[in-house]
Amino acid sequence: MAHPMDSIRAWLAEKNPGVGEIPPDADLIENRLIDSLGFMEFIMLLESVTGRDLAVETMELSQFRTLAAIEKNFLPGTPDGPDAS
Amino acid sequence: MSVLTRALDTPELRELLDRLSEKAAADYYNPYRTFDWPASLPTDRLWMSPDLLSVHGTPYEASLSEEQLYALSRWESVNFYSLNVHGIRELLIEVTRRIHRPGFGPTSEFFHHFIGEENEHMWFFARFCLRYGGKIYPDRSLTLGQETGGGGSDPAVADFLVFARILIFEQIVDYYNMRMAADESLAPTIRAVNRVHHQDESRHIACGSRIVELLWRALEESDKTAEQLDELRAYLKRYTETSIENFYNPSCYRDANIPDGFALRQRLLADPARQEAHRRVLSRTNSFLRRTGILAGH
Ligand SMILES: [Fe+2]
Ligand SMILES: [Fe+2]
């Protein structure tokens, strides 16, 4: 089964054709890889890969800013992560 | 005062707003006494007209049992009213910010009616969700602080976008309201909520259409470049698409016991039958945007 981060990378690639490999610390919002209109679907995707609802209204933008932050905040310990079970 | 807000000072808009304010006062009702709120609604029938369901017209629809369709109609109606709750909160914030700002003098009186009515709409939509769904689906949007339309912090662009978004949102909602108000197979409470909302919204949409057109003309006559106007066009086109896509909420599929909601959403959005359904929902919006030149006419 694909790593959840792969689904997120695939979604970003589909929404931003021609962007290429996105570095883990690239600012997704500053670089407009996610904009306000795309953000809602991005959250739906994140909910789908994490299997839980996210209370976006209580969250901070910094939690979503980079691929590294997303993995750390939402997907710790996923299949090829450090504490996989 | 910006070039933009002088745009609203036309005899024709003043006359329209006087008429709409008069009508709002004459039709005023007590929303807290208007509706019957039975303890529960029957679960052996649809809560939303079948042709408004996100699966309608697709092969997937035929694979669902009657019970699954009933469940989906319950959760998609809660989603519809939840989208209203969140949409109204945002538009209330923006209209309240502007109500007595210089340049909005001609619209202030009507905005008082608008704000009062929207607060009441938010109340009955939230009540529906909480009473019959036990929850309001959470808002997934977050302000990202990105600039839109090459306008930077230009208030003329911001004003135009606020009223364009409100109008598009209200027109989409109104399509659903009109259909459900007229659908005799739905429970009386559902029909009443949709009918009453439609009545108020017809005034908001009449006023909003004129405001958006006047603000757009002012932008066209300002020093905005063709590229900046095109950026606004592209944004509104995407705003419209995203608004429709909000009706495909993976949480509704999950609550209706349909697995893989996100994947289903993507499959449905790609289905030609759904593209056709979207064209129907958006036909009024698109013809307005084309007639005014806000969207290119093809
Ligand atoms: Fe409303
Ligand atoms: Fe409204």
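Residues are numbered from 1 along each chain as its sequence is written, while chains are lettered from A and ligands numbered from 1 in the order in which they are written. In this predicted model, local features need pLDDT of at least 70, side-chain atom pairs count only at pLDDT 80 or more, and totals for chains, interfaces and linings use all residues; side-chain values rest on heavy atoms, with hydrogens and water left out.

We begin with the metal ions. Donors are N, O and S atoms within 2.8 Å of the metal (3.2 Å for Na, K and Ca), and water is not among the atoms, so sites may look incomplete.

Helices (H or I, at least four residues) and strands (E, at least two) are DSSP runs, numbered from the N terminus. His197(B) and Glu201(B) are four residues apart in helix H8 (residues 188–221) of chain B, so about one helical turn separates them. Buried means under 20% relative accessible area, exposed over 50%, and partly exposed in between (1.4 Å probe, protein chains only). Both His197(B) and Glu201(B) are buried.

The iron ion (ligand 2) lies 3.3 Å from the iron ion (ligand 1), and Glu118(B) coordinates both. Glu118(B) lies in helix H6 (residues 105–133) of chain B and Glu170(B) in helix H7 of chain B, so the pair ties together parts that are 52 residues apart in sequence. Glu118(B) is buried, at 1% relative accessible area, and Glu170(B) is buried at 3%. The protein donors of the iron ion (ligand 2), lying 1.8 to 2.3 Å from it, include Glu118(B) (OE), Glu170(B) (OE) and His204(B) (ND1).

We turn next to the cores. In soluble globular proteins, nonpolar side chains tend to be buried together. A nonpolar core is a set of buried Ala, Val, Leu, Ile, Met, Phe, Trp, Tyr and Cys residues joined through side-chain atoms within 4.5 Å. The largest has 94 residues, and Tyr81(B), Phe160(B) and Phe163(B) are among those with the most contacts inside it. Helix H7 (residues 155–182) of chain B gives the most to this core, with 15 residues. Apart from it lies another core, of 28 residues, including Trp11(A) and Leu54(A).

The cysteines form no disulfide (a pair of cysteine sulfur atoms within 2.5 Å): the search over all chains finds zero. The sulfur of Cys252(B) is 10 Å from the closest cysteine sulfur, in Cys129(B), and therefore too far for a bond.

Finally, we consider the backbone. Most residues other than glycine have a negative phi. Arg32(A), however, has a positive phi of about 60° and sits in the loop between helix H1 (4–15) and helix H2 (36–50) of chain A. Arg32(A) is partly exposed, at 43% relative accessibility. Asp260(B) also has a positive phi, near 55°, and is exposed, with a relative accessible area of 62%.
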